[in-house]
Amino acid sequence: MKAGTFIKPGKVELKDYPMPELKSENDAIIKIVRSCVCGSDLWWFRGISQRKANSTTGHEAIGIVEQVGAEVTQVKPGDFVIAPFTHGCGHCAACLAGFDGNCFNQGNEINGGYQGEYLKFHNANWALVKIPGKPSDYTAEQLNDFLALADVMATGYHAAASAEVKIGDTTVVFGDGAVGLCGVIAAKLRGAKRIIAMSRHQDRQKLAVEFGATDIVPERGDEAVKRVLELTNGNGADSVLECVGTKQSIQTALQVGRPGAIVGRVGVPQNPAIDTTALFWKNIGLRGGIAPVTTYDRDILLDAVLSGKIHPGRVFTKSFKLAQIQEAYEAMDQREAIKSLLVVNQ
């Protein structure tokens with residue numbers, strides 16, 4: 001089988017690997033139908049963060065179950081599934097509390113291999129999310145919606161849930177990548193009345209508005225804070241979603257909420273130090289982290305996709321074959337695509 005492999009910053013390629021095998025009684029082997037490139041993949045593609053050379057890549061996929069271990073009873077060969085990156089066990093304290101992204105039993109396996117033809121998936125009995133029917137029952141657009149539930153839609157929703165977005169809120173969303181755009185979808189799904197999207201890219205602004213944004217703010221830093229306060233009559237927002245992770249984005253997000261607002265943070269932090277002093281004086285809350293993908297998919301998001309209420313797959317603006325994996329990464333790196341789709345099997 002072939003799988004995407006990190007060679008060095010700026011270079012990924014397909015390599016041949018042995019077919020994956022079941023290593024535990026809670027594993028499954030999945031034939032990948034669709035995968036994609038994530039914005040977080042760009043950190044190591046650009047050399048900003050470290051990744052081991054010759055490691056397999058990808059952490060989002062949908063596919064067909066091929067084999068299951070002896071303890072896997074919730075899915076069976078032939079089932080169509082979402083393969084989240086979180087691998088929750090479903091029975092530890094974190095999973096039971098609804099935070100399967102922090103599962104205590106994920107194991108030591110580093111996420112990777114989803115950008116390939118086959119995948120060995122750990123904690124398959126609970127973490128996999130079964131989709132009714134088979135891939136041929138759905139349109140290409142619906143398949144894209146399901147794929148978004150493997151990470152970005154659940155991560156955008158986690159930002160909104162962490163910020164406690166509620167009906168009637170004015171919500172600010174930082175980040176116009178796939179996660180930020182899904183954050184706009186999530187804010188609207190949770191009932192926000194006004195959604196201010198921080199974006200300076202025309203194609204992303206357009207999609208944000210189609211997803212439910214009511215205002216677009218292209219400014220950054222102090223000018224962004226000033227503009228949000230103008231839009232909210234000086235009060236600030238009721239809830240804030242931070243979906244970038246850079247120092248500037250986080251610092252700006254901490255300044256645009258009204259007293260008592262909560263910043264829901266899902267952007268992978270790129271700076272270890274944050275001055276939280278200002279939060280004290282405004283009673284601003286800061287929370288968030290790794291999304292509990294399986295929990296959100298099962299409780300809310302899969303039904304929202306199946307009913308046609310949300311269409312997060314629209315963040316895939318360019319499609320590639322698996323053999324074009326280098327081009328898929330380059331398209332995102334150069335902002336030619338919001339999110340690159342990898343078509344693996346029909």
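Guide: Welcome! Helices (H or I, at least four residues) and strands (E, at least two) are DSSP runs, numbered from the N terminus. This is a predicted model, where local features need pLDDT of at least 70, side-chain atom pairs count only at pLDDT 80 or more, and totals for chains, interfaces and linings use all residues. Residues are numbered from 1 along each chain as its sequence is written, and side-chain values use heavy atoms, with hydrogens and water left out.

Visitor: Thanks! How many helices and strands does the chain have?

Guide: Both kinds of element are present in the secondary structure of the chain. The count comes to 12 helices and 15 strands.

Visitor: What radius of gyration does the chain have?

Guide: The radius is taken over C-alpha atoms, and the globule rule is 2.2 Å times the number of residues to the power 0.38. Along its principal axes, the C-alpha trace spans about 60 × 40 × 40 Å. With 346 residues, a compact globule would come near 20 Å, and the chain agrees because its own value is 20 Å.

Visitor: What share of the residues of the chain count as buried?

Guide: A residue is buried under 20% relative accessible area, exposed over 50%, and partly exposed in between (1.4 Å probe, protein chains only). Applied to the 346 residues of the chain, this gives a buried share of 55%.

Visitor: Is helix α5 mostly covered or mostly open, and how many of its residues are buried?

Guide: Helix α5 runs over residues 152-162 and is mostly covered. Among its buried residues are V152, Y157, H158 and S162. The buried count for α5 is 11 of 11.

Visitor: How many residues apart are K339 and E60?

Guide: The side chains of K339 and E60 meet in a salt bridge at 3.2 Å, N to O. K339 sits in strand β15 (residues 339-343), while E60 is in the loop between α1 (41-45) and β4 (61-68). K339 counts as buried at 1% relative accessibility, and E60 is buried at 0%. This pair links distant parts of the chain, with a separation in residues of 279.

Visitor: Why does the pair of E210 and R314 tie together separate parts, and how many residues apart in sequence are they?

Guide: E210 and R314 form a salt bridge at 2.3 Å, N to O. The pair ties parts together because E210 lies in helix α7 (residues 202-211) and R314 in the loop between α11 (293-306) and β14 (316-321). Both residues are partly exposed, E210 with a relative accessible area of 35% and R314 with 39%. Their separation in sequence, in residues, is 104.

Visitor: Which helix holds both R227 and E230?

Guide: An α-helix has 3.6 residues a turn, so residues three or four places apart point the same way. R227 and E230 are 3 residues apart, about one turn, and their side chains meet in a salt bridge at 3.2 Å, N to O. R227 counts as partly exposed at 32% relative accessibility, and E230 is partly exposed at 44%. The helix that holds both, residues 221-231, is α8.

Visitor: Is N123 buried or exposed?

Guide: N123 lies in the loop between β6 and α3 (124-127). Contact means heavy atoms within 4.5 Å. Not counting residues up to four places away in sequence, N123 touches several residues, including N26, D27, H87 and C103. With a relative accessible area of 5%, N123 is buried.

Visitor: Which residues does G98 contact, leaving aside its neighbours within four places in sequence?

Guide: G98 lies in the loop between α2 (93-96) and β6 (118-121). Its C-alpha atom is separated by 35 Å from that of P18, 80 residues apart along the chain. Leaving aside neighbours within four places, the contacts of G98 are P292 and T295.

Visitor: Which residues does G285 touch, not counting residues up to four places away in sequence?

Guide: G285 lies in strand β13 (residues 285-287). G285 and I196 are 89 residues apart in sequence and 19 Å apart in space, C-alpha to C-alpha. The residues that G285 touches, with those up to four places away not counted, are A261, I262 and V263.

How values were computed
A salt bridge is a side-chain nitrogen of Lys or Arg within 4 Å of a carboxyl oxygen of Asp or Glu.
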